Amino acid sequence: SAKLMLIVYAHQSSGSFNAAAKDAAVDVLTDQSCTVEVSDLYAIKFKATATAEDITGDVKNADHFRYAEETKLAWEEGKLCADITEEQRKLTQADLIIFQFPMYWFTVPAIMKGWIDRVLTLGYAYTPEKRYSQGLFKDKKAMLSFTTGSQESMFSADGINGDMNVTLWPLQNGILHYCGFQVLAPQIFWAPSHVPSEARSTMLTSWRTRLHGVLEEKPLSFTPSDCFDGEKGFQLKPEVHEKHAAKEYGLTVGIHLGKALPPNNQMKAGV
């Protein structure tokens with residue numbers, strides 16, 4: 001069956017490198033007879049703040065408004081506001097979601113964080129039982145594609161910004177994998193504004209090449225949920241710990257067991 005792709009795109013300018021990267025993805029994926037939808041967040045003036053306005057009609061507890069609980073009820077009753085419902089429609093149908101953005105302050109721009117906060121509703125995108133490797137979106141793939149202001153050397157284990165693998169852990173583990181997505185290796189465009197235009201063209205060419213085989217890629221590895229004991233505060237089970245004790249590296253960037261971080265755990269599949 002034809003694949004459906006969603007690009008969640010956050011840049012203010014159609015003349016930007018991010019726009020070119022988004023256009024390249026639309027182009028290549030459409031050529032492979034995929035259907036591509038783009039959520040151009042600035043163009044649609046997407047609201048970033050999670051508020052009671054996200055619910056049509058009355059909330060259950062106006063005195064102490066709790067966003068997750070109230071939107072879960074609203075989602076169940078079909079009372080989420082139209083912009084959220086529309087994004088959830090696109091997400092439900094999508095096989096692959098690409099987040100295209102310039103990295104702001106080591107994370108996504110506010111408008112994209114708002115998409116995450118508002119669209120990934122409790123009940124719809126995750127539940128206490130269905131998250132991580134048991135997550136609701138385990139049949140979907142997701143990836144980050146972004147530009148940096150700093151050059152690659154600055155985001156190394158010896159660089160002033162620190163290891164990019166560490167920077168990516170909250171986004172890829174705490175948002176994407178949390179919802180069950182198979183997370184594809186990120187596409188990082190290092191400091192496009194600081195390189196000559198030929199270098200930018202080369203970056204786009206390699207992105208296009210990658211997109212041709214993107215659906216066959218292996219996802220990044222995360223520690224399966226059943227390695228943790230739900231009865232004991234979701235700690236790693238002793239037998240998993242023992243099995244891993246003699247290894248040089250921790251399991252992942254976050255679940256490092258006090259050992260060295262596995263190299264490129266958040267940057268390359270199969271490590």
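The following questions and answers concern a predicted model of one chain.

In this predicted model, local features need pLDDT of at least 70 and side-chain atom pairs count only at pLDDT 80 or more, while totals for chains, interfaces and linings use all residues. Residues are numbered from 1 along each chain as its sequence is written, and side-chain values use heavy atoms, with hydrogens and water left out.

User: How many helices and strands does the secondary structure of the chain come to?
Analyst: Helices (H or I, at least four residues) and strands (E, at least two) are taken as DSSP runs, numbered from the N terminus. On that basis, the chain comes to seven helices and eight strands.

User: What radius of gyration does the chain have, and what would a compact globule have?
Analyst: The radius is taken over C-alpha atoms, and the globule rule is 2.2 Å times the number of residues to the power 0.38. The C-alpha atoms fill a box of roughly 55 × 50 × 40 Å along the principal axes. For 271 residues the rule gives a value near 18 Å, which agrees with the chain's 19 Å.

User: What share of the residues in the chain is buried?
Analyst: A residue is buried under 20% relative accessible area, exposed over 50%, and partly exposed in between (1.4 Å probe, protein chains only). Of the 271 residues in the chain, the buried share is 46%.

User: How many disulfides does a search of the whole structure find?
Analyst: A disulfide is counted when a pair of cysteine sulfur atoms lies within 2.5 Å. The sulfur of cysteine 81 has its closest cysteine sulfur in cysteine 179, and because 18 Å separates them, they are too far apart for a bond. Cysteine 81 is also buried, at 12% relative accessibility, as is cysteine 34 at 9%. Over the whole structure, the number of disulfides is zero.

User: Which elements do the buried residues of H4 pack against?
Analyst: Helix H4 spans 110–119, and seven of its ten residues are buried. Among them are Trp115, Ile116 and Arg118. Using contact in the sense of heavy atoms within 4.5 Å, the buried residues of H4 pack against strand E1 (4–9), helix H2 (67–76), helix H3 (82–93), E3 and helix H5 (164–176).

User: Which residues is phenylalanine 106 in contact with, leaving aside its neighbours within four places in sequence?
Analyst: Phenylalanine 106 sits in the loop between strand E3 (96–102) and helix H4. Its relative accessible area is 38%, so it is partly exposed. Phenylalanine 106 and leucine 168 are 62 residues apart in sequence, with their C-alpha atoms 8.4 Å apart. With neighbours within four places left aside, the contacts of phenylalanine 106 are Phe155, Asn161 and Thr167.

User: Which residues does serine 16 touch, not counting residues up to four places away in sequence?
Analyst: Serine 16 belongs to the loop between E1 and helix H1 (17–31). A relative accessible area of 12% makes serine 16 buried. Not counting residues up to four places away in sequence, serine 16 touches Tyr9 and His11.

User: Is alanine 191 buried or exposed?
Analyst: Alanine 191 lies in the loop between strand E6 (187–189) and helix H6 (197–212). Its phi is near 45°, a positive value in a residue other than glycine. Because its relative accessibility is 3%, alanine 191 counts as buried.

User: Is phenylalanine 234 buried or exposed?
Analyst: Phenylalanine 234 is in the loop between strand E7 (228–229) and strand E8 (235–236). Its phi is positive, near 55°, in a residue other than glycine. At 52% relative accessibility, phenylalanine 234 counts as exposed.
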